[in-house]
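These questions concern aromatic rings and the charges placed over them. Each answer sets a value against its cut-off.

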Amino acid sequence: MRSLRVALAQVNPTVGDLPGNAELVSKFFARAVKAGADLVAFPELVLTGYPPEDLLLKPAFVRGNLESLATLAKELRGATAVVGFVDRGDDGLLYNSAAVLSGGRVRGTYSKVLLPNYGVFDEKRYFASGSDYPIFVVRGVQIGVTVCEDAWTGDGPVREVARRGAEVVLNINASPYHVNKSFERQVLFRQRARDNKVAFLYVQTVGGQDELVFDGDSLAYDARGRLLARGSQFEQDLIVVDLELPARAKALRARTKVVEISRAPAKPPKRPDLPPRRARTAASPVEEVYEALVLGTRDYARKNGFTDVVLGLSGGIDSSLTAVVAADAVGAEHVTGVAMPSAISSDESLADAQELARNLGIDFRVIPIVDAYEAFLETLDETFADTTPGLAEENLQARVRGTILMTFSNKFGHLVLTTGNKSELAAGYSTLYGDMAGGFAVLKDVPKTLVYELCAWRNAYGLTAIPERVFTKPPSAELRPGQLDTDSLPPYETLDPILAAYVEDDRSVREMIKAGFDEAAVRTVVDMIDGSEYKRRQAPPGIKITHRAFGKDWRLPITNRFRQPGPSDERRIRR
């Protein structure tokens with residue numbers, strides 16, 4: 001038998017931080033060498049962070065990443081390293097590549113063949129496709145290197161490097177999280193190992209980058225598809241695994257480019273015992289989402305230089321969830337909640353906000369807006385004199401609150417977290433420059449029904465922070481007496497499934513009605529979504545947790561008169 005000890009370095013790089021990312025690689029490489037690793041693998045574009053987007057159009061950025069790679073190649077000694085970087089070919093084109101470093105130099109590279117250009121991905125905007133499939137021989141073991149999307153197609157590069165003689169296929173990744181993606185990867189990569197009769201190693205990045213979250217969860221399978229090791233989710237990790245391979249290597253296909261880095265040792269090497277790994281239990285989908293929200297919020301604040309956050313605490317379910325996520329993300333001592341009651345706000349809501357803040361141990365301020373609101377109305381009295389009070393006056397309350405929070409941020413340097421959810425944002429049930437004002441939208445991709453599930457999970461598995469009354473009172477913006485969300489929206493139990501079908505699954509009106517949705521409810525929700533694009537474009541970034549989120553996933557024109565036809569339209573046309 002031949003053996004190879006591999007370390008999968010699941011790290012959290014920062015986009016654009018070339019020195020910091022190189023230092024992160026060096027730190028984890030040293031840990032892997034100490035653990036006796038022969039090969040240490042890092043994620044896709046670890047030197048630049050992912051996705052670097054239009055930084056790739058800056059020659060100095062590309063040049064800096066190449067200089068970082070050259071320095072690492074000289075410094076990393078004691079094992080072979082695979083490092084994701086941006087390569088610049090002799091043709092002047094850029095490539096999303098993996099460099100194999102050993103013996104003080106770059107021994108070879110592999111460039112990503114399949115470039116994703118859907119959803120949040122724009123790789124064809126920046127990169128050219130690779131066309132070579134080299135085999136790297138480390139301690140006598142034949143290894144094929146692939147990058148992210150290369151492994152998601154059954155007849156793609158994984159099959160090709162296996163046909164050429166790879167016994168181990170290493171896939172380096174920066175694959176954004178969404179609900180159930182962990183399960184999808186396990187099924188897919190187990191099959192890649194079995195189908196190609198190779199050990200399959202998947203190393204994934206971890207951390208938040210703007211609206212994207214990368215969840216780690218690196219995987220190692222043997223050639224029979226048995227799981228050998230699995231990385232932590234939502235935190236950095238070093239996964240060290242021993243691969244046992246047959247005594248005789250696979251035959252190499254003719255004309256395959258082979259880079260021999262090190263031969264098989266004459267006798268088994270002495271290595272330190274494998275580092276112990278704690279047993280990992282599978283997280284529920286709700287727990288996964290909660291951890292994604294915490295990591296996304298923490299990294300957005302940390303990587304953009306914010307130590308503290310501030311948010312409006314209304315006593316409602318959305319602001320309660322935003323507050324507990326914030327406290328878990330940056331620490332309760334760095335969170336300020338501001339209650340801004342108006343003449344319409346209920347005493348119960350203020351009491352619930354105060355109890356939540358006390359339970360969490362966050363700073364709590366009460367700034368009534370009655371006088372400021374009346375001053376605005378007095379200023380506008382002549383302009384509004386011949387009009388009936390209505391929506392503008394209601395929304396003015398929200399805009400006064402937004403002004404207070406942004407002024408607080410301006411004064412003390414806190415990041416303002418908005419508290420609106422995906423259901424409200426979809427339907428346009430939010431106030432521009434009011435409750436939409438802020439720097440980061442924690443719940444931007446979280447539908448209202450899931451908000452309740454997340455709050456219940458957090459109360460059950462953490463400190464019971466959210467008061468019971470927050471769960472039981474009907475949702476209300478409290479901008480007019482007796483107001484309920486259902487005055488303007490279908491019940492969330494009706495709205496959210498239509499939202500998921502239309503936005504996340506791209507189902508047409510006809511398809512939704514055929515599937516059993518009420519036609520009137522479908523038309524109402526779809527019209528709300530289609531008519532609110534101008535608002536969504538002005539919303540702050542927020543964390544993607546579904547298959548399709550508003551933001552990079554959703555790129556509709558603001559000026560757009562297309563409306564989905566339904567059965568009633570067909571009947572009218574036939575007449």
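Q: What makes R31 a charge over the ring of F28?
A: In this predicted model, R31 lies over the face of F28, at 4.9 Å from the ring centre. The cut-off for the distance is within 6 Å, taken from CZ of Arg. K422 is likewise placed over the face of F550, at 5.7 Å from the ring centre.

Q: How many aromatic pairs does a search of the whole structure find?
A: The search finds 14 aromatic pairs.

Q: Why is the pair of Y177 and F234 called edge-to-face?
A: The ring centres of Y177 and F234 are 5.5 Å apart and the planes meet at 70 degrees. Centres must lie within 6.5 Å to pair, and planes over 60 degrees apart count as edge-to-face; the pair is therefore edge-to-face.

Q: Which parts of the chain does this pair link?
A: Y177 is in the loop between strand 8 (168-173) and helix 5 (181-196), and F234 is in the loop between strand 13 (227-230) and strand 14 (237-245). The two residues are 57 residues apart.

Q: How do you know whether Y177 is buried or exposed?
A: Buried means under 20% relative accessible area. Y177 has 0% relative accessibility, so Y177 counts as buried. F234, at 9%, also counts as buried.

Q: Why is the pair of F189 and Y202 called tilted?
A: The planes of F189 and Y202 are at 35 degrees, with centres 4.8 Å apart. Stacked needs under 30 degrees and edge-to-face over 60, so this pair is tilted. F189 lies in helix 5 and Y202 in strand 9 (residues 199-204).

How values were computed
Residues numbered from 1 in each chain as written. Predicted model: local features only at pLDDT ≥ 70, side-chain atom pairs only at ≥ 80, totals over all residues. Heavy atoms only, no water. Phe/Tyr/Trp six-rings, centres within 6.5 Å; stacked < 30°, edge-to-face > 60°. Helix = DSSP H or I, 4+ residues; strand = E, 2+ residues; numbered from the N terminus. Buried < 20%, exposed > 50% of the residue type's maximum accessible area, 1.4 Å probe, protein only. Lys NZ or Arg CZ within 6 Å of the ring centre and 35° of its normal.
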